[in-house]
Amino acid sequence: MKIKSNVKLYFSIHERREPMLDKINNRKLSITVIGMGYIGLPTAITFANAGFSVKGFDINNEVIKMLKNGKVHIVEPDLQEAFEEAINLGNLVPTNELDKSDVFIICVPTPFKENENKKIADLSYVESAAKMISEYIEKGNLVILESTVPPMTTEEIMGKIIEENSGLKLNEDFYVAHCPERVLPGKILYELRNNDRIIGASNNYSAEVTKKLYETILDKGKVYITGTRTAEMCKLVENTYRDINIAFANELSIIADKMDINVFELIELANKHPRVNILKPGAGVGGHCLAVDPWFIVEKFPQEARLIKTAREINDFKPEWIVKKIEEEAEHDKSKVIGILGLSYKPNIDDLRESPSLKIAKILKSKGYNVLGCEPYIEKKEVDSIENLPLNEIVEKADLLVLTLAHNQFMEKLEMLKNKKVLDIIGIIEFENIGVEGK
Ligand SMILES: NC(=O)c1ccc[n+]([C@@H]2O[C@H](COP(=O)([O-])OP(=O)(O)OC[C@H]3O[C@@H](n4cnc5c(N)ncnc54)[C@H](O)[C@@H]3O)[C@@H](O)[C@H]2O)c1
């Protein structure tokens, strides 16, 4: 195992490492997962079902109350069943009180915030989690940061906070690692076991212990060790790569519209080239990762990250451009009812964070249009001030429907949209009608 140059090696760690490795083997290691959200809860469940004694800690009392009542608060396939298994094994305890633990795994949010017109990482949740851990951390403990963070956060910010508040010394008394999460909502439990993991370690101790620990939950996935900075950057680069590629597709959709050609046909034909694989355009880019993480690179390298910034701006602009198209279709008649099909940020999930579809609905509403939404994955009657109706009702009430997401529930009932005026953002209906030779 090779660790990059920014990781200091300590040979004295052998004495401490062996007991931790034994504890992992014997499932005697105690784990506390901090933050019971989309990432933390499935992670805690997965370690609990691998035989570890896991505490699931969150500062949100409502979340802990619900978990203690036996219900998960996140829409995710098989999560409820896996949670019940962990609880029945007696291996998972949801709690709002932090305590001592061999390993702390931080899974708190890392959104961005606006600062002097710049988007920068809001690290307040990570900082507060680090301060809390400082009260309980003991010699030999390991703190693993799973939250997505800007480069130089794991050791330089999180590690420093723990050092300053606990009086312990990083890499001598306690250890840190960054183990970024790459799961896809909708497939989280599967991907937790089968995706490869990158582990950025602060030294050999954290490298070996973290590797051994994650290997206990991995089926097909492999562990790759590097330094913390490379691991931090790796996660950001993965999402930035996708953001840039989607920006290209979204830019093409705007150009194709000006040319009065169908962008989905254009892309399908271009992709017949053996080395071209253009992604599909959509309503923009949303979610807690792709729409956020590239800004963390721009924040640190504003002069150098020019392509990354432009891609972000293109994807952020797409909902505004779609609003203009909707207004044209509605002939700027504000008495017309506009139905937005899909409010979450991607198909088949309930997550609204940075959702471009929701942004479209809200811009239209702020302009005085009569906007209805249909988000079948959210049961509430109102989603962020947008009335949320079942599909049959919105189809009946809307003068113009905007298809923004390929939710399964829409795809199965596309015939309901027949004879309706539909603006198809994702190329499902329009493209089918055009047809491409050889398709
Ligand atoms: N959701 C995803 O698909 C995904 C994928 C990869 C990486 N990530 C990253 O994982 C991290 C967590 O994301 P998420 O989607 O799970 O967030 P989330 O908002 O679903 O959950 C975060 C939880 O942390 C809790 N929390 C906040 N501060 C806390 C503290 N000091 N102590 C204890 N609990 C605290 C919140 O109450 C919340 O329940 C983020 O950095 C995100 O970028 C998320």
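Predicted model: local features only at pLDDT ≥ 70, side-chain atom pairs only at ≥ 80, totals over all residues.
Figure 1. Thr110 places a polar side-chain atom 2.5 Å from a ligand oxygen atom. For Ser128, a polar side-chain atom is 3.0 Å from a nitrogen atom of the ligand. A polar contact is a pair of N or O atoms within 3.5 Å. Taken alone, the ligand exposes 830 Å², and the protein buries 92% of that (Shrake-Rupley areas, 1.4 Å probe).

**Figure 2. The shell around the ligand.** There are 26 residues around the ligand (a heavy atom within 4 Å), and Ile39, Asp58, Thr110, Thr148 and Arg353 come nearest. By class, 14 are nonpolar, eight polar and four charged (Asp, Glu, Lys and Arg count as charged; Ala, Val, Leu, Ile, Met, Phe, Trp, Tyr, Cys and Pro as nonpolar; the others, Gly among them, as polar). Helix H5 (residues 124-134) gives the largest share, four residues (a helix is a DSSP run, H or I, of at least four residues).

**Figure 3. An aromatic cluster of Phe47, Phe52 and Tyr214.** Phe47 and Tyr214 pair edge-to-face, 5.4 Å centre to centre, with 85 degrees between the planes (rings pair if their centres lie within 6.5 Å; planes over 60 degrees apart are edge-to-face). Phe47 lies in helix H2 (residues 40-49) and Tyr214 in helix H8 (residues 204-215), so the pair ties together parts 167 residues apart in sequence. Both are buried (under 20% relative accessible area, 1.4 Å probe, protein chains only).

Residues are numbered from 1 along each chain as its sequence is written, and side-chain values use heavy atoms, without hydrogens and water. Local features need pLDDT of at least 70 and side-chain atom pairs 80 or more, while totals for chains, interfaces and linings use all residues.

Methods:
Phe/Tyr/Trp six-rings, centres within 6.5 Å; stacked < 30°, edge-to-face > 60°. Helix = DSSP H or I, 4+ residues; strand = E, 2+ residues; numbered from the N terminus. Buried < 20%, exposed > 50% of the residue type's maximum accessible area, 1.4 Å probe, protein only. Polar contact = N/O pair within 3.5 Å; in protein donor to acceptor, adjacent residues only side chain to side chain.
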